[in-house]
Amino acid sequence: MTSALNDALVSTWVTGWSRCRNYDVQHDGVVHASLRSGVQAGDGQDWEYVLAHPDETALEAVSAEVQNHPGRLLTVVGPPPTVPAGIPLKALSTGEKLMVVDMGGQDVEAPIVPEEFEATVERKDPDWFLVTIISTEEHPQGEGSVAARGRVAAVEGYAVFDRIWTSPDFRRQGLGSLVMRYLASLALEHDVEEGLLVASADGQALYGHLGWTELADVTVYGALEDDTENPSHSDAG
């Protein structure tokens, strides 16, 4: 049985997602903040605040912070809320979903990689992994091309997957599934029971096919004058 949406679950996802991207992270009660890089027009850094099922007090406080500091973001995990009166914000990103899977159904052994590809694994500290799939000379497109990659972090009993990407030149060859299975085997080196990720509208079908279920909507808000373009939690980076 998979977890229900709650503040602790979202806190864990923010920690793992930030770890996979080398973002600083802070937790202050029900407000979970990640110092994002490269999402504003000037490719600077600013805080993204994440709330799960926020109450009126928390929503109003964080909304005011975002309104007073254009470039900062408010992400709500759960049903899209009504923005507090007098604090004009706009939705910058919709359509993403927080998804969950039972890691007990995943294979602890690394998958067999077809001879047209090879997999490299980078082990990062603390407790996250980067898997890259590279073409070999057996592939019609030749060797040395990065075909797919992905990341996973082990955090407090959860495996947080991120930046699952396949090159347009190598799509429809099963590499997305291969990366996910490889990452799962690495995460299971740790005591993880469930997997978490935020999926784009395009990615939700793939993860659903792999046994993942939708847990909650993910909506990003910014100040009216914010020029951030579609701040995704599922981009390849």
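**Exercise 1. Does Ser 11 count as buried or exposed, and what is its relative accessibility?**

Solution. The model is predicted.
- Step 1: Ser 11 sits in helix 1, which spans residues 7-20.
- Step 2: Take its relative accessibility, which is 17%.
- Step 3: Apply the cut-off. Buried means under 20% relative accessible area. Ser 11 therefore counts as buried.
- Step 4: Look at its contacts. Leaving aside neighbours within four places in sequence, Ser 11 is in contact with His 27 and His 32.

**Exercise 2. Describe the protein chain as a whole.**

Solution. 
- Step 1: Count the elements. The protein chain has four helices and 11 strands.
- Step 2: Find the box. Along the principal axes, the C-alpha atoms fill roughly 60 × 40 × 30 Å.
- Step 3: Check burial. Of the 237 residues, 51% count as buried.
- Step 4: The chain exposes about 11,000 Å². Carbon and sulfur atoms supply 45% of that area.

**Exercise 3. Explore the largest nonpolar core.**

Solution. 
- Step 1: Find the members with the most partners. The core has 29 residues, and those touching the most other members are Met 103, Ile 133, Phe 161, Leu 175, Leu 197, Tyr 207 and Trp 212.
- Step 2: Trace the suppliers. Elements that each give at least two residues to this core include strand 5 (89-102), strand 7 (128-135) and helix 3 (175-187).
- Step 3: Pick the top supplier. Helix 3 gives the most, with nine residues.
- Step 4: Look for another core. Apart from the largest one lies a core of 18 residues, among them Tyr 23, Tyr 158, Val 160 and Val 198.
- Step 5: Return to Ile 133. Beyond its neighbours within four places in sequence, its contacts include Phe 117, Val 146, Leu 175 and Leu 178.

**Exercise 4. Where do His 53 and Arg 172 lie, and what is their phi?**

Solution. 
- Step 1: Locate His 53. It lies in the loop between strand 3 (45-52) and helix 2 (56-68).
- Step 2: Read its angle. His 53 is not a glycine, yet its phi is positive, about 45 degrees.
- Step 3: Locate Arg 172. It is in the loop between strand 9 and helix 3.
- Step 4: Read its angle. Arg 172 is not a glycine either, and its positive phi is about 65 degrees.
- Step 5: Judge its exposure. Arg 172 has a relative accessible area of 88%, so it is exposed.

Definitions and conventions. Residues numbered from 1 in each chain as written. Predicted model: local features only at pLDDT ≥ 70, side-chain atom pairs only at ≥ 80, totals over all residues. Heavy atoms only, no water. Core = buried A, V, L, I, M, F, W, Y, C linked by side-chain atoms within 4.5 Å. Buried < 20%, exposed > 50% of the residue type's maximum accessible area, 1.4 Å probe, protein only. Contact = heavy atoms within 4.5 Å. Areas by Shrake-Rupley, 256 points an atom, 1.4 Å probe, with all protein chains shown as cover.
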